[in-house]
Amino acid sequence: MEILSLNPYIVLCHDVILPSEQEFLKTQSSKRLEGARALDQVKNEVVFNFIRTSKATWLKKNSDNVTRRLSHWIEDVSNLDSNIGDLYQIINYGVGGLFEAHSDTMRKDELQDVPQGGATLFNNLNLTVFPKAGAALFWFNLDNAGDTDLFTVHTGCPVIVGSKWIMTKWVYDLGQELRVPCPRI
C-alpha cells in the first residue's frame, strides 16, 4: 500500500486484482459494454455527454468469486459496508477516452497498464496516478463534516496509446453510521 496523500486520504494498493481475475472481469463485461453516462449537473440527471467518453457495464456485487473477494477487500481497507452502494462498474476507455474533472460524491480498481496517457489527475492536489494493472486507487470523497472534499475532484486523462480498463465501486456514507465513529468537525 502506497500512501499518496494524507489529507485527503488517498492510497494506491498494488496487486489487488490478480492477472487471471483481470482477464475474467474483462471477458465477463466486454460483451455487455455500452456508452457510459455521466451526471449532468445542470439537468440533475444521468445522460450521455462528452465529459465522459468510454464504454461501461455493471456487475452485481458478490456475483462471482472475484467480486465477492473484492467486496471483502473493500470492507477490510475502508471499514465500510460495501453492500451499501452501487454495483461494480467495469469501464473501458479506448484511445482518446477521458472523463473530465468531477467528484464522485454521492455515489476505484485499475485493471490494466496503459502504455501512454489515461492517468487519474487530482486537479487540486497536483497529484497524478498512472494506471497500473491489478492496483486499486482508493480515497474518501467526503471531508469530516460530510461535505464534498474538493481536493478529491479528479480527471480521467485521455488515453494516448492502448486501452484503459478500470473497475469502480462507490460505497455510500449514509447507512454506515454503526461502522464509522462520529467525525470531528
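This is a predicted model: local features need pLDDT of at least 70, side-chain atom pairs count only at pLDDT 80 or more; totals for chains, interfaces and linings use all residues.
User: Where does S82 lie, and is it buried or exposed?

Analyst: S82 lies in the loop that runs between α2, residues 65-78, and β7, residues 88-93. Its relative accessibility is 1%, and because buried means under 20%, S82 counts as buried.

User: What does the side chain of S82 reach?

Analyst: The side chain of S82 reaches the backbone oxygen of S71, at 3.5 Å, and S71 is also one of the residues listed among the contacts of S82.

User: Let's move on to β16. How many of its residues are buried?

Analyst: Five of the five residues of β16, which covers residues 164-168, are buried, so the strand is largely enclosed by the rest of the structure.

User: Which way do those side chains point?

Analyst: K164, I166 and T168 point one way from β16, while W165 and M167 point the other way, and all of them are buried. In a regular strand the side chains alternate between the two faces of the sheet.

User: In what sense do β7 and β16 pair?

Analyst: The two strands β7 and β16 pair in the antiparallel sense, over five bridges, and I91 has I166 in β16 as its bridge partner.

User: Which ring does the charged end of K164 sit over?

Analyst: The charged end of K164 sits over the ring of Y93, at 5.4 Å from the centre of that ring. There is also K169, which lies over the face of Y88, at 5.4 Å from the ring centre.

User: New topic: how many aromatic pairs does a search of the whole structure find?

Analyst: The search of the whole structure finds three aromatic pairs. One of them is formed by F122 and W139, an edge-to-face pair with 5.0 Å from centre to centre and 85 degrees between the planes. This pair links distant parts of the chain, since F122 is in strand β11 (residues 120-122) and W139 is in strand β13 (residues 136-139), 17 residues apart. Both F122 and W139 are buried.

User: And what about the rings of F138 and F140?

Analyst: The centres of the rings of F138 and F140 are 5.1 Å apart and their planes are at 80 degrees, so this pair is edge-to-face. F138 is buried, with a relative accessible area of 14%, whereas F140 is partly exposed, with a relative accessible area of 33%.

User: How many salt bridges does a search of the whole structure find?

Analyst: The search finds three salt bridges. In one of them the side chains of E21 and R69 meet at 2.6 Å, N to O, and this pair links distant parts of the chain, with E21 in helix α1 (residues 19-30) and R69 in helix α2, 48 residues apart. E21 is buried at a relative accessible area of 10%, but R69, at 30% relative accessibility, counts as partly exposed.

User: Where do K26 and E23 lie?

Analyst: Both K26 and E23 lie in helix α1, three residues apart, which is about one turn of the helix, and their side chains meet in a salt bridge at 3.5 Å, N to O.

User: Which residue forms a salt bridge with E75?

Analyst: R179 forms a salt bridge with E75, with the closest N and O atoms 3.8 Å apart, and E75 is also one of the residues that S82 touches.

Terms used. Residues are numbered from 1 along each chain as its sequence is written. Side-chain values use heavy atoms; hydrogens and water are left out. Helices (H or I, at least four residues) and strands (E, at least two) are DSSP runs, numbered from the N terminus. Buried means under 20% relative accessible area, exposed over 50%, partly exposed in between (1.4 Å probe, protein chains only). A polar contact is a pair of N or O atoms within 3.5 Å; within protein, one must be able to donate a hydrogen and the other to accept it, and residues adjacent in sequence count only if both atoms are side-chain atoms. Contact means heavy atoms within 4.5 Å. Two strands pair if DSSP finds at least two bridges between them. Rings of Phe, Tyr and Trp (its six-membered ring) pair if their centres lie within 6.5 Å; planes under 30 degrees apart count as stacked, over 60 as edge-to-face and the rest as tilted. A charge sits over a ring if NZ of Lys or CZ of Arg is within 6 Å of the ring centre and within 35 degrees of the ring normal. A salt bridge is a side-chain nitrogen of Lys or Arg within 4 Å of a carboxyl oxygen of Asp or Glu. Lists of a residue's contacts leave out its neighbours within four places in sequence.
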